[in-house]
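I opened a new notebook page for this model. The entries below follow the order in which I looked things up.

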Amino acid sequence: MSEEDDHSRTIKYGESAVGYIRKNTLPAYPRSYELWYTYAAGYNQGLNRAVNETIKEKGRVSTDEMLNLYGRFLSPTRLGDRLDEVGTKVSREVEELIESLKLSADATSDYGSSLEQAGEKIKRLDDPQKLQLYVTHLVKSTQNAVASNRKLESQLLESKKHIENLQSSLEAIRYESLTDELTTLNNRKHFEVSLEKIVDQSKESKRSFALLMTDIDHFKKFNDTYGHQTGDQVLRLVALAVKQNIKTQDIACRYGGEEFSIILPQSNLEEAGEIGERIRTAVMSKELVKRSTGENLGRVTISVGIATFDQIDTAHSIVSRADEALYAAKNAGRNLVKTELDLPSAKATENVA
């Protein structure tokens, strides 16, 4: 998408954010603007759902409720606080486990000493009654050692369960930090990290890869006409078409409001074009029905732009070229797939050659 289109779209989100602040008579804190901008753009499904529920229940969002929603869904420290909480639990679990092992080691050492001392004494005993007493003592010590080991085994199993649960919590936090909640695709952060990584790998291996950028045609108009919930349905529809038409190693992300990006590590331009065409056709083939009324809303279309990595590329330059191809598809009438070969610069190079 061109800078002009990006500017126009984000300005509209910004204007909507200011409108929501006015409508709810909220102070224009930076946090207020961030929350309502995110709401208008539809980036955070959990936030949108919570805001809608609050408005439905109370008619508006108060300052306290707005700050609470910000803390729950947008605060930069939110995930950090959860990581700290899990980290503290892990440390506590490890400390308790170390203490249990220490107690078990002490018990084992005591039992070993008892065996050694009893063995020496038994050698010198000739009284059957005393011998029986020592054997009884050894049996009791053995029973105590067995009980201690069983207790330790139980504690180890319990600690294993706790640590596995904590590992699941950490994985959930990691997943949340890299996943777009609405579409369940990877988010912009994941895209940027993955793209930088594959650029470095491609330069080292001297191999290329393809980058595919898509944008939903007339999405803003559709969203304004039918509402955010229907707009969310459109985003999920496109995300599903993307998931169903890529390979396991491909990395699909929600790049922006209605923009998606797909890194294709093992695809050339022709293969990427075929994937782009399959996704475009899959989206167009679905008729959209409004869930609340059953109304047929027609079909959604997307435009697609594709670029392949060149050894002089950076992450920024290949994204820019894929965006230019996407903009070319928009200019040519939308609902099209265009590649870097369709750009004026590529045609000029062909003519010179």
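I took contact to mean heavy atoms within 4.5 Å. Among contacts between residues at least 6 apart in sequence, 64% join residues at least 24 apart.

Ground rules. The model is predicted, so to speak of local features I need pLDDT of at least 70, and side-chain atom pairs count only at pLDDT 80 or more, while totals for chains, interfaces and linings use all residues. Residues are numbered from 1 along each chain as its sequence is written, and side-chain values use heavy atoms, with hydrogens and water left out.

Overall. I find 12 helices and seven strands in the protein chain; these are DSSP runs numbered from the N terminus, helices being H or I of at least four residues and strands E of at least two. The chain has 353 residues, and 40% of them count as buried. Buried is under 20% relative accessible area, exposed over 50%, and partly exposed in between, with a 1.4 Å probe and protein chains only.

Cores. I used nonpolar core for a set of buried Ala, Val, Leu, Ile, Met, Phe, Trp, Tyr and Cys residues joined through side-chain atoms within 4.5 Å. The largest has 31 residues, and I216, V238 and V283 have the most contacts inside it. At least two residues of this core come from each of strand 1 (210–216), helix 8 (219–226), helix 9 (228–244), strand 3 (259–264), helix 10 (269–284) and strand 6 (302–308). Helix 9 gives the largest share, seven residues. I then listed the contacts of V283, leaving aside neighbours within four places in sequence: L237, V238, A241, V300, T301 and I302. A second, separate core holds 19 residues, including I21, Y37, L47 and A50.

Sheet. I counted two strands as paired if DSSP finds at least two bridges between them. Five strands form an open sheet in the order 2-3-1-6-7, with mixed pairing. Strand 2 (251–254) and strand 7 are at the edges with a single partner strand each, so one side of each has no neighbour in the sheet. Neighbouring strands are turned by 20 degrees against each other on average, direction ignored. Strands 2 and 3 pair in the antiparallel sense over four bridges, and A252 has I262 in strand 3 as its bridge partner.

Helices on the sheet. Axes are lines fitted to C-alpha atoms, for helices over the stretch in contact, and angles run from 0 to 180 degrees between N-to-C directions. Helix 9 packs on the sheet, touching strands 1, 2, 3 and 6, and its direction makes about 10 degrees with that of strand 3. Helix 11 lies across strands 1, 3, 6 and 7 and runs at about 145 degrees to strand 6.

Salt bridges. My rule was a side-chain nitrogen of Lys or Arg within 4 Å of a carboxyl oxygen of Asp or Glu. The count comes to 10. R280 pairs with E277, the closest N and O atoms being 2.4 Å apart; both lie in helix 10, three residues apart, about one turn of the helix. R280 is buried at 12% relative accessible area, whereas E277 is partly exposed at 30%. E340 and R321 meet at 2.7 Å, N to O. E340 lies in the loop between strand 7 (337–339) and helix 12 (344–352) and R321 in helix 11 (residues 315–331), so the pair ties together parts 19 residues apart in sequence. E340 counts as buried, at 12% relative accessibility. I also noted one network, in which salt bridges that share partners join D215, D217 and K330.
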